[in-house]
Amino acid sequence: MAAEAVKEKHGFQTEVKRLLDLMVHSLYSNAEIFLRELVSNASDAADKLRFEALADESLLAGDADLAIDIEVDRDARTITVRDNGVGMSEQEVKDNLGTIARSGTREFLDALSGDKARDAQLIGQFGVGFYSSFIVADRVTVTTRRAGLGADAGVRWESTGDGEYTIEHLEVPRRGTEVVLHVREDADEFLDAYRLRAVVRKYSDHILLPIRMRKETPPGDAEKAADAEPEWERVNAATALWARPRNEITDDEYETFYKHVSHDFEAPFARVHSRVEGNLEYTLLLYVPTRPPFDLWDRTVRRGVKLYVRRVFIMDDAEQLMPAYLRFVRGIVDSADLPLNISREILQHNRHIDSMRAGCVKRVLDLLAGIASDEPDRYVTFWDQFGRVLKEGVFEDARNRDAIAKLLRFASTKGDGSAQRVSLADYVGRMKEGQEKIYYLTADSYATAASSPHLEVFRKKDVEVLLLVDEVDEWVVHHLTEFEGKHLQSVARGKLDLDDLGGDDEKPSAEERKAEEARHQSTVEAIKALLGERVKDVRASDRLTDSPACLVADEHDPGGHLQRLLEASGQKVEGFRPILEVNADHPLVARLDAESDASRREDLASILLDQATLSEGGRLDDPADFVRRVNRLLVAAP
Ligand code: ADP
Ligand code: MG
């Protein structure tokens, strides 16, 4: 029997099935992106081949002009995208076109909003671009041969997008990949070469590889053309945008390029394009997106800056070029000095890279600082999207801490509700006469912060307090202890010294103060005796006006909020007891003072402590006990 090509059947991974289903049924409104994705894959394949050929020149032998060809056949109803890039082995075909290798698929699928236009764009971002072929095709055939393998290592993959694909082995005369889309009935619009050219120009103009299509023959010449060799022409501009002078590049071009590198569909928020000369020569074109990518919070995710060396693509996600707190930045860096055959390992310890990274970071921070000062209203739209990530820079990047500190925005007792709009400079600019410190309060939520008893005395004295309600803030203030010479001070920590700030009361004299302290001392001692080991200390408070009590952390202890964060992250925090500060003038405290019944005194003291814990958003060790005591008092009340 003649050796017939055997087709093996394989099932798609479950996630792929879901994705395909989505492509076929929901994404037609953005169908044209299929071409962008196929071209981008072909271009990646050429980049990979060029990179591998740095180590083994023979890979390019005989066919060194890398290009992408696109053909459309109206009669056969096919669109073909062909490249002479790196190609794929059988295993690579199975891995790349049968599964979604990248982790986070589920997150991606969950990120889909149901809004078709947005979802279609997310697909590109997520990098499952190949499957977008099924938006316009009801059958896709991929024929490929890996560079470096012989003609008999050809592989053909085919699928109708419904759960299975087949693999067969065949001879393929040249390396590279050919993707044939069998166009669906309802996707006729793409069987038009003009339409395809327009799509190529829209998305792929700056792809450095030539993208070629057949020359259109004028109507009368059809016969002549029929027997002539088909003529190809380049349809994309194929220039490195970043290598052109800035004043010759339009906003539109910058924006299109951004969409290409980021796979985003929205215009970027801001960009910086600059050529650095001197010891080290490089060009950077970096963008800040308008909206965060769906995987912003996945710190393991690849970074968005691509590395080029003298316009040759070297690698994606060069994490050495951007620190994690700027992981939302997208763009390219093109070095004139690095060797072409640089590897990831070398990148780790390369002085050039370190200094390019420093340069990139500085330029991004300068860009943001410029917007913050010139267009403050626009700046806060950035801050609302990326502020929490940028804050990580305070502890991640000590060298730029001062620059980052200037970019921070917080909610505040003098701000606009929960919106984070107040900069440290704003705060310092309106500090009261005699005020030495920048006061802040950390809490789990804006509501908890805004109604915290710790703010009472600050309200009375009209002193502003920053309200820090993001998780990351505890770490921010741990590392950012000063701003422009002003110490940052938690209002819930240590002793406060606010006497110099005035307020609505007359400042008490030293003697009045002494007398008052003596009067309070017995109350304080009594409560301390009643609470025993549950507290580190009990003190008369000068923080409170309306509330009976609050918790304070000792100068070097973690506060309640930080303890809760650490516990939530699985760390054990033990041995720290709070200091209870009581408002000796409060009726509840006076009641305790006057109470003669021992068990009722104990109830009152315990409730004071539990209330103070609750009002800072803490959890009670024994909530039932609290309820019992409160009920006992309620029942006993006249
Ligand atoms: P991504 O490009 O983000 O990795 P795709 O779904 O577009 O995701 O492609 C999946 C993988 O299939 C690619 O990473 C690549 O390994 C492989 N691939 C797709 N098209 C080609 C091609 N033309 N040549 C070589 N490999 C390809
Ligand atoms: Mg792709």
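The lining of the second largest pocket has 19 nonpolar, 18 polar and 13 charged residues. I counted Ala, Val, Leu, Ile, Met, Phe, Trp, Tyr, Cys and Pro as nonpolar, Asp, Glu, Lys and Arg as charged, and the others, Gly among them, as polar.

This is a predicted model, where local features need pLDDT of at least 70, side-chain atom pairs count only at pLDDT 80 or more, and totals for chains, interfaces and linings use all residues. Residues are numbered from 1 along each chain as its sequence is written, and side-chain values use heavy atoms, without hydrogens and water.

Pocket entry. I found 50 lining residues, with Pro558, Gly559, Gly560, His561 and Gln563 nearest the centre. A pocket here is an open set of points on a 1 Å grid over the protein atoms alone, where a 1.4 Å probe fits, with protein on both sides within 12 Å along at least five of seven lines; lining residues have an atom within 4 Å of a point.

Which element gives the largest share of the lining? H19 does, with seven residues; helices are DSSP runs (H or I, at least four residues) numbered from the N terminus. Domain 3 (410-501) and domain 4 (510-636) both give residues to the lining, so the pocket lies between them; the bounds come from an automatic or database domain assignment.

Helix entry. I noted Asp625, Phe626, Arg629 and Leu633 as the buried residues of H22 (under 20% relative accessible area, 1.4 Å probe, protein chains only). They fall within an arc of 105° seen down the axis, so they line one face of H22; the arc is that of the directions from the helix axis to the C-beta atoms. On the other side, Leu634 and Val635 are exposed (over 50%).

Methods: Chains lettered and ligands numbered in written order. Helix = DSSP H or I, 4+ residues; strand = E, 2+ residues; numbered from the N terminus.
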